[in-house]
Every structure is written in structure tokens, then in C-alpha cells.
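Subject: A structure for you to explore

Hi there,

Here is the structure I promised to pass on. Have a look at it first, and then read my notes alongside it.

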Amino acid sequence: MEKAKVYFTKQITPEKVIEMYRALGKELPGKVAVKVHSGEKGNQNYLRPEFMRPMVELVNGTVVECNTAYDGERNSTEKHEKLMEEHGWTECFKVDILDSEGPDLVLPVTNGEVLKENHVGKNIANYDSLLVLSHFKGHPMGGYGGALKQLSIGCASSAGKCLIHSGGYTDDQKIVWSHTAPQDAFCEAMAEAAGSIVEYFKGNIAYVSMMCNLSVDCDCCAVAEDPCMKDIGILSSLDPVALDQACMDLIYQSDDPGRAHFLERVESRHGTHTIDTAAKLGYGTKEYELVTID
């Protein structure tokens with residue numbers, strides 16, 4: 001597989017998000033779903049809708065999310081829609097909770113060793129293409145969160161999230177947390193689920209990741225640590241594996257004093273195993289060319 005192109009800028013502005021998207025040379029066709037993280041109630045680190053607004057408007061996109069599989073303010077459609085309103089998403093955009101109504105859309109997982117199928121919000125079938133806007137940061141379970149997590153956990157329905165977390169054992173929210181998968185199997189399940197989304201959209205996906213507010217905790221945490229590293233920049237690619245690998249490489253190459261704390265979170269959860277598995281599955285490559293844009 002040839003090296004993927006990953007574009008990088010140190011400037012973090014709404015205008016630069018657009019520039020990094022345009023650098024990809026990819027025009028997303030038809031009706032565009034824009035995957036963001038709505039931010040759990042109480043979280044201080046999630047990227048605000050005002051920051052995303054110019055990019056979403058450029059593609060005339062609909063902001064999409066799915067319900068969670070744990071207690072909080074996003075584990076039901078009613079609560080999630082209320083929080084989306086409180087956080088300003090519905091004021092700025094059309095918003096679609098993809099799994100607001102069942103049944104889920106069940107996608108096959110090609111060559112999956114942990115998962116045989118991926119359950120996603122059925123409304124995803126209403127879209128022709130996908131723009132993944134990721135806030136790259138740490139994560140208490142996955143080690144880090146980036147493009148691959150947005151494709152996997154992010155697009156999975158509540159039941160789909162349970163399948164990923166349990167390594168395919170159950171789609172039941174009541175029992176999933178007592179049957180969580182071994183860590184490597186969980187990472188592999190994320191990679192496999194992400195691949196099913198890549199296959200579903202058949203190349204009509206673009207990815208932009210913001211490396212800012214670099215906490216070891218995810219935007220899904222109501223009580224999250226403050227950022228431990230300084231902002232790094234914005235990256236974009238048509239390859240989610242290369243993009244996540246490039247983000248991790250920038251962390252490793254950083255001389256920021258908070259780097260060790262961030263990497264302890266990633267490495268203790270075997271976070272890069274998700275990237276390795278995704279590369280092994282063949283829908284992306286860890287080999288990339290970093291193109292810097294001033």
C-alpha cells in the first residue's frame with residue numbers, strides 16, 4: 001500500500017479546519033453526515049459547535065451522533081437531544097441522533113476475529129458521505145480517541161457500543177459492563193467496527209482531527225482532567241489509520257512536559273493496538289507522508 005497523505009498545520013482556527021479539508025481534494029457527494037462529539041454534560045474539553053460551524057456549513061452537513069451505553073446525559077434519545085440543545089448544537093445545525101429509533105442497521109465485519117457484525121444507528125443509511133471531525137485526546141478505556149474511535153464507538157448504536165466493549169459477547173446495556181472484553185480484544189473490536197463504516201461509505205469519507213485540549217480523558221467524561229499538554233495543531237487525511245498514527249507520532253515527538261502523562265494513559269490501555277489492527281485489516285496504512293501547511 002502506498003504512503004497516505006496526512007496534512008498538518010499548527011494553527012487551530014475554524015478557517016484552518018476548512019483549509020485542511022480542502023487540502024484533501026475530496027468533494028463529499030450527496031447528503032453529508034458530520035460526525036462530532038457532542039460532549040458529556042459537565043465536560044469542559046469538547047470542541048464547541050461555534051468552532052465547527054464554518055466547516056459543517058461548507059458541506060451543508062447534518063451533525064450526527066449516537067446514544068451511549070453507560071449512565072449519563074446521552075444514554076437515551078430524549079436526554080441526548082436535550083444536551084445537544086444545551087450545548088448549542090441544535091441552534092447551529094441540523095442534528096440527527098442516528099439510533100434514535102430502532103431497529104439498528106447491521107453491517108458485516110469483513111475478516112473480523114472479534115466481531116462478525118457491527119450495529120449502527122439506522123439513520124446512517126440516509127447519508128451518502130461522512131465527514132469525521134475528531135477531537136484527538138486521551139481516553140479512559142481506549143487509551144486515546146481519534147478518527148478510528150469516531151468511526152467505531154462513535155457511529156455504533158447503544159447496542160453496537162455494547163458489542164464492541166464486550167468483544168461481541170452482548171448487545172445488552174444491563175450486562176455489558178460485567179462482561180467487558182480483554183483490553184486487546186476491545187481495541188481489535190474497535191478497529192473491526194471502524195472498518196465496517198469505511199466499507200459502507202466506499203471511499204466517501206474525509207477526516208479532520210484537532211489536537212487541542214489534550215486531556216488524558218475523553219469528551220465522554222462528565223468529570224475530566226484538564227489538558228496536560230499544549231495544543232499541537234490540526235491534521236487531515238483520507239486515511240483514518242494514517243491520521244491516527246500521525247497524531248500519535250506527534251505526541252511521541254513532543255517535548256511537552258505533559259507528554260509522559262498522556263502516553264501513560266495510551267500505553268496502559270494498549271491504545272495503539274487499535275491502529276495496528278486497523279492497518280492489519282487493510283483499510284488504511286500506518287505509512288504516511290506528513291505535508292505541513294503554514
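Let's begin with one residue and what surrounds it. Setting aside its neighbours within four places in sequence, Tyr7 is in contact with Met20, Ala23, Leu24, Ile234, Leu235, Ser236, Val291 and Ile293. Tyr7 sits in strand β1, and it counts as buried because its relative accessibility is 15%, below the 20% cut-off. Ser38 comes 31 residues along the chain from Tyr7, and their C-alpha atoms are 25 Å apart. Please keep in mind that this is a predicted model.

In soluble globular proteins, nonpolar side chains tend to be buried together. Here the largest nonpolar core has 48 residues, and those touching the most other members are Phe136, Leu151, Ile197 and Leu235. The elements that give two or more residues to this core include β1 (4–9), β7 (129–135), α7 (183–201) and β10 (205–211). The top contributor is α8, with eight residues. There is also a second, separate core of 31 residues, and Met20, Val59, Val208 and Ile293 are among them.

Which residues of α2 are buried? In this helix, residues 49–58, they are Pro49, Phe51, Met52, Met55 and Val56. As a general rule, an α-helix has 3.6 residues a turn, so residues three or four places apart point the same way. The partners that the buried residues of α2 pack against are α1 (14–22), β2 (32–35), β3 (62–65), α4 (89–92), β7 and β10. After α2 comes Asn60, with a positive phi near 50°.

Helix α6 is mostly covered, with eight of its eight residues buried. They are Ser158, Ala159, Gly160, Lys161, Cys162, Leu163, Ile164 and His165. Their cover includes β6 (117–120) and α7. Just after α6, Gly167 has a positive phi of about 65°.

Strand β7 deserves a visit too, and Ser129 is found there. Is Ser129 buried or exposed? It is buried, because its relative accessible area is 0%. Beyond its neighbours within four places in sequence, Ser129 is in contact with Leu28, Pro29, Lys31, Val32, Ala33, Phe201 and Asn204.

Finally, the spaces. The largest pocket has a volume of about 270 Å³. It is lined by 19 residues, and the closest to its centre are Tyr70, His139, Lys149, Ile153 and Cys220. Both α5 (147–151) and α6 (158–165) supply at least two residues each to this lining. By type, the lining of the largest pocket has eight nonpolar, six polar and five charged residues.

How many cavities of 30 Å³ or more does the structure hold? There is one, and the largest cavity contains about 40 Å³ of space. Its lining consists of Val36, His37, Leu47, Met52, Leu133, Ser134, His135, Gln150 and Asp219. You have met Met52 already, as one of the buried residues of α2. β7 gives the most to the lining of the largest cavity, with three residues. Sorted by type, this lining has four nonpolar residues, four polar and one charged.

Enjoy exploring!

Best wishes

Terms used
Residues numbered from 1 in each chain as written. Predicted model: local features only at pLDDT ≥ 70, side-chain atom pairs only at ≥ 80, totals over all residues. Heavy atoms only, no water. 1 Å grid on protein atoms, 1.4 Å probe; cavity = no way out; pocket = protein on both sides within 12 Å on 5 of 7 lines; lining within 4 Å. Points joined across faces, edges and corners; volume = space filled by probe spheres on them. Helix = DSSP H or I, 4+ residues; strand = E, 2+ residues; numbered from the N terminus. Nonpolar A, V, L, I, M, F, W, Y, C, P; charged D, E, K, R; others polar. Core = buried A, V, L, I, M, F, W, Y, C linked by side-chain atoms within 4.5 Å. Buried < 20%, exposed > 50% of the residue type's maximum accessible area, 1.4 Å probe, protein only. Contact = heavy atoms within 4.5 Å.
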